[in-house]
Number of protein chains: 2
Amino acid sequence: MMKKKGLLIIIDGMADRPVKALGGKTPLEHGVFPSFNEVARRGINGLMDPIAPGIAIGSDTSHISILGYDAYKVYRGRGYLEALGEGLPVKEGDIGFRVNFATVKDGVVIDRRAGRIQEGQAALAQAINTGVKLPSDVQAIFKESTGHRGALILRGSGLSEKVTDSDPHAVNERVREVKPLAKEAEFTAYVLNEFIRQSAEILSKHEVNKERVRKGLLPANYLLIRGPGVKPEVESFKQKFGLNGACIAATALVRGVAASLGLELLKVEGMTGEYNTNELAKARETVKALEKYDFIFTHFKPTDAASHDGNVNLKLEMLAKADRMVGYILANVDLDEVVLCLTADHTTPLEVREHMGDPVPVAIAGEAVRVDDVNKFNERSCAKGGLGRIRGNELMNIMHNYMNRMEKFGA
Amino acid sequence: MMKKKGLLIIIDGMADRPVKALGGKTPLEHGVFPSFNEVARRGINGLMDPIAPGIAIGSDTSHISILGYDAYKVYRGRGYLEALGEGLPVKEGDIGFRVNFATVKDGVVIDRRAGRIQEGQAALAQAINTGVKLPSDVQAIFKESTGHRGALILRGSGLSEKVTDSDPHAVNERVREVKPLAKEAEFTAYVLNEFIRQSAEILSKHEVNKERVRKGLLPANYLLIRGPGVKPEVESFKQKFGLNGACIAATALVRGVAASLGLELLKVEGMTGEYNTNELAKARETVKALEKYDFIFTHFKPTDAASHDGNVNLKLEMLAKADRMVGYILANVDLDEVVLCLTADHTTPLEVREHMGDPVPVAIAGEAVRVDDVNKFNERSCAKGGLGRIRGNELMNIMHNYMNRMEKFGA
């Protein structure tokens, strides 16, 4: 019995609903995607509810589920995953938060993105990390990310993730005081408010912001904090499936999910998670990594971004880009040795611009599968395939089975 | 509302994956099985995951699940079921084990099957049962089965099934000392090692073995012990479904599962569980038993054995044999009065030679079902049927419903 390797390709937000501008077709139905279709033709197809029918989900919960875990049981918030994915030196027990550089005047949010700041964020972060002094043994580690984004971790004894956001999630609203959601979080709320107060002081006096004001730009004078989270309580992917796995993804949150499960994060030159990402560089790294690892999870982000933007043509363009990535992989991977799964993490309809709870198409190709008669990879054709309708957290067991690695329960 | 009877026919390991030697068809797709197809044509069809998508299972766990129970909750190991199925006088609280007569020299396994011993096993078993003296109130009851196989029960106070195997599961390895897997199993491990030591002494001095050695045969001088188990904690089939049920099966393990649920075990002349089993005798007994019982579970084993042997032609032959069994049943049972289900307990791909986690085809025929347009009984055609993809432990509820016996939940 030959053990096979596994490759899971997730095209973020790929699935859609009928689009009026496309005559009632979905982008997958409207466009021409020869490599997606080749996976369908050589595979067994179906629909997958990332968590359960009708449930709309985030990119964190969906990936936790599709990688084989019960997201309802293990998910403990976004902040920790984001911080981990951003490369912060996160330790078990840390509380992670997502952070925006913002512009605040007299306690009111003027811009949640500080004029989409592009320069000087590292200097601002360094000033905060050296300047803020917190009570007891609590340490705050803040790291800037792309643009106005950042991540924060709080480390120390007596901390809890059960606190509210300081971010009002809208402009022209007052910034919020962080409040405890449970008795044990009172100290954390106090510490976090202190961090926000001190960092605002440091930011407003900082030379980067003085320079921005001189140039007529909005100052990054306040940190809006949201999405507290701690490490998901999981057995590692290696323990659960016995696979040495790695992840090829640019998006911090997805990287964080993968890292929290113990997947190794691979670096690829030119992989950005944005519209300009280098899909062929990702494909090459995927093919190369399959030599070293048992399991590769390759993620492609900008399809989802185009859907959030409601940009039909851009979504078609990004799907074509992802199709090229899959094409290179198909040309260079032997499906007698690798079980390849193509799917999405959720449906992001162009007309809704948000994640919705519709199921996504899924195709699994490999030597062991009962190839069905589906030859187009899209939402409606895959619904007629031999896989039927499965759930996200069943997918890894199904792949594991086709990889001939499943251990028998019973005798 | 007329209450109907139920007939569940399980063809063991019938389902397969595409087979290269059959041009990518499965055995069910390649062969001609008119009676299987008649069930599909007159029924509603689907795919069934014996436990859950992708999960590979044993014949014990699969039958527990397909008979309506949650195998994860109730399964407590194989040995008890095997001993029960072998007809040992098992009582609640007993620990059951599977046993091999083996040939051991200087503590190393020479042959795990004692030269496939065919004669004298009863005399050896009797010598062990009368000769071995165990501490405290512990009793050991050993019974030979076919060939090198046997079953053992330990009865007494302070026993636990949480012990390791003495069987190294490979030749040229040293026999293992039984070890406790929990504090409460220390006494059991001690007793079992004592049983093994004393039985080895008795066996090596026994006339049957002296005679074997004189003839140049390997002596059955050691008992390898594995698969400890206790009674599954279940409500009976009768309590759960209100059905007087009986089982027609030759395989000890399957008989044990049925008996542990309270199904009556019926005897059939010529039923062997081997390639030579008398399928028409089983069919006749099935038809006859349907007069007396509400529910019959008829099991057919050798298809699975052919798959484990990787023998394509033999599997086709055994499927044809099972098809004849089903043919006789269809000719003699009125589907207006009986709900008939045809399925497999798991997929055993010829090319893998082990149970795998692929779903199995299922067809249910009877007066109440919404007959679909599937007219061939196989893995890919049934996937397009009206049942969709169901789980093993949902099947009994579905049959129970078509039998018009389901009691309403709610008002």
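Modeller: One definition to start: two strands pair if DSSP finds at least two bridges between them. Strands (E, at least two residues) and helices (H or I, at least four) are DSSP runs, numbered from the N terminus. This is a predicted model, where local features need pLDDT of at least 70, side-chain atom pairs count only at pLDDT 80 or more, and totals for chains, interfaces and linings use all residues. Residues are numbered from 1 along each chain as its sequence is written, chains are lettered from A and ligands numbered from 1 in the order in which they are written, and side-chain values use heavy atoms, with hydrogens and water left out.

Colleague: OK, chain B. How many bridges join strand E1 to strand E11 there?

Modeller: Six, and the two strands run parallel. E1 of chain B covers residues 5-11, and E11 covers 338-343. B:Leu7 stands opposite B:Leu340 in E11(B).

Colleague: What packs on the sheet there?

Modeller: Helix H11 (279-292) of chain B does. H11 touches E1, E8 (245-248), E10 (295-300) and E11 of chain B. Contact means heavy atoms within 4.5 Å. The direction of H11 makes about 170° with that of E10(B). Axes are lines fitted to C-alpha atoms, for helices over the stretch in contact, and angles run from 0 to 180 degrees between N-to-C directions.

Colleague: Now chain A. What is the strand order in its open sheet?

Modeller: E9-E8-E10-E1-E11-E12-E2-E13, eight strands with mixed pairing. The edges are E9 (264-265) and E13 (388-391) of chain A, each pairing on one side only.

Colleague: And which strand does E13(A) pair with?

Modeller: Strand E2 (43-49) of chain A, in the parallel sense, over four bridges. A:Leu47 has A:Arg389 in E13(A) as its bridge partner.

Colleague: Which strands does helix H2 of chain A lie across?

Modeller: E2, E11 (338-343) and E12 (360-365) of chain A. H2 spans residues 34-41 and runs at about 105° to E2(A).

Colleague: Switching to the interface. How much area is buried between chain A and chain B?

Modeller: About 2,300 Å², with carbon and sulfur atoms giving 52%. That is the accessible area (1.4 Å probe) that two parts lose on being put together, summed over both. A:Arg370, A:Phe409 and A:Ala411 supply 37% of what chain A buries against chain B, more than any other three residues.

Colleague: How many residues does each chain put in?

Modeller: Chain A gives 22 and chain B gives 36.

Colleague: How many salt bridges does the rule find across it?

Modeller: Four. The rule wants a side-chain nitrogen of Lys or Arg within 4 Å of a carboxyl oxygen of Asp or Glu. One pairs A:Glu394 with B:Arg391, the closest N and O atoms being 2.3 Å apart. Helix H15 (395-402) of chain A gives the largest share of the chain A side that touches chain B, four residues.

Colleague: How many salt bridges over all chains?

Modeller: The structure holds 61. Among them is B:Arg17 with B:Asp358, at 3.1 Å from N to O. The two sit 341 residues apart. B:Arg17 is in the loop between E1 and helix H1 (27-30) of chain B, and B:Asp358 is in the loop between E11 and strand E12 (360-365) of chain B.

Colleague: Last one. Where does B:Ile202 lie?

Modeller: In helix H7 (186-205) of chain B. Leaving aside neighbours within four places in sequence, B:Ile202 is in contact with B:Ala127, B:Ile128, B:Gly131 and B:Val132.
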